[in-house]
Amino acid sequence: MIRLNQNEFNQIIEYMRDTYGINLEKKKVLIECRMTKELKRLGVNSFAEYMNLLRRDKDGKLAGQMVNRLTTNYTYFMREPVHFEILERTIFRELFSQKAFGIGNIWCAGCATGEECYTLAMALEEYKANRGQLADARILATDISDEVLQMARKGVYSEKELDALPTGWKQKYCKRVNENYFAVVESLKSNIRFRNHNLMTPISNPAKFDLILCRNVMIYFDRDSRRKLVRLLEESLNPGGYLLIGHAELLSADETELESVYPAVYRKKKQPA
Ligand SMILES: C[S@@+](CC[C@H](N)C(=O)[O-])C[C@H]1O[C@@H](n2cnc3c(N)ncnc32)[C@H](O)[C@@H]1O
């Protein structure tokens, strides 16, 4: 394994924090373990050499590989299920009553391998079917890692992973591809656009969002990056729009202008009439 000296470690921490918001202060061994193979692939023997290459990397390929190696992409279907109950009970109802026959905009920020945005798309389909809704919603799903985005676009999962879904959803929204794997059906996938986006920069989208899920992302950020991310998310919401974050990353009143409506659920104030 290629070891990091203190100076090299500081350089990597700074780079990941300043570029992506990610805090790796306590992750020295993790960096060594996950990056050694990449350094060997590039034929370099030290992190100092690697950082020199990274600084000269004009097309961002090396940075992309580093992100693939150093991000934590752990996710699963139906994660934090109380959020899906709240969506069904309150948020979808509000979203569709405002939109009548129009289209709502949803952003799944930090989507990892796709389980979250597909759970959301399934919950939305269920809601529309049960309530006879004619309105619809488009989902934008983004992540900083191309590797996980590729898996998310494929939408192929093991039968075991899909067992976390409520009864009947697997049969309705997935089709078997072989003995152990299922693919999300095309009709569901076609409503989701996947895109690489760094959450430390403003999102470019034709419309603001009615609902943003950015769950279990800022838990890996340092304090300043977390504040920056919250500001950017606030700006990306329509008045009355909702932000859902992970239950382990609750925001205090001085960290956000959004009102807290349920644990880990925030709403942007409506503009005065
Ligand atoms: C632990 S996963 C969370 C996945 C999903 N939201 C969930 O709650 O299960 C965090 C994801 O955030 C992504 N991420 C981290 N920093 C990011 C950044 N600066 N911009 C965009 N995505 C980022 C990682 O690549 C990773 O896939």
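These legends go with a set of close-up views of one predicted model. Residues are numbered from 1 along each chain as its sequence is written, and side-chain values use heavy atoms, with hydrogens and water left out. Since this is a predicted model, local features need pLDDT of at least 70 and side-chain atom pairs count only at pLDDT 80 or more, while totals for chains, interfaces and linings use all residues.

View 1. H3 (residues 47-55) meets H4 (residues 61-70) at an angle of about 125°, and their axes are 8 Å apart. That makes H3 oblique to H4. Tyr50, Leu53 and Leu54 of H3 make the contact with Leu62, Ala63 and Met66 of H4; contact means heavy atoms within 4.5 Å. H1 (residues 6-20) packs on H4 at about 100°, with the axes 12 Å apart, so these two are roughly perpendicular. Here Ile12, Tyr15, Met16 and Tyr20 of H1 touch Ala63, Met66, Val67 and Leu70 of H4. The axes are lines fitted to C-alpha atoms, for helices over the stretch in contact, and angles run from 0 to 180 degrees between N-to-C directions. Angles under 35 degrees count as roughly parallel, over 145 as roughly antiparallel, 65 to 115 as roughly perpendicular and the rest as oblique.

View 2. The side chains of Glu38 and Arg41 pair up at 3.0 Å, N to O. For a salt bridge, a side-chain nitrogen of Lys or Arg must lie within 4 Å of a carboxyl oxygen of Asp or Glu. Glu38 and Arg41 are three residues apart in helix H2, so about one helical turn separates them. Glu38 is buried at 4% relative accessible area, whereas Arg41 is exposed at 56%. Buried means under 20%, exposed over 50%, and partly exposed in between (1.4 Å probe, protein chains only).

**View 3. Salt bridges elsewhere in the model.** The structure holds 19 salt bridges. One of them joins Arg267 and Glu94 at 3.6 Å, N to O. Arg267 sits in strand E10 and Glu94 in helix H5 (residues 82-99), so this pair ties together parts 173 residues apart in sequence. Another links Asp136 to Lys128 at 2.7 Å, N to O; Asp136 is partly exposed at 23%, but Lys128 is buried at 11%.

**View 4. Glu116 and its neighbours.** Glu116 belongs to helix H6 (residues 115-131) and is buried, with 6% relative accessibility. Leaving aside residues up to four places away in sequence, Glu116 touches Thr75, Cys108, Gly110, Cys111, Leu213 and Arg215.

View 5. Asn216 has phi near 60°, a positive value in a residue other than glycine. You'll find Asn216 in the loop between strand E7 (209-214) and helix H11 (223-236), buried at 14% relative accessibility. Ala264 has a positive phi too, near 65°. Ala264 is in the loop between strand E9 (259-262) and strand E10 (265-267), and is buried at 1%.

Note on methods
Helices (H or I, at least four residues) and strands (E, at least two) are DSSP runs, numbered from the N terminus.
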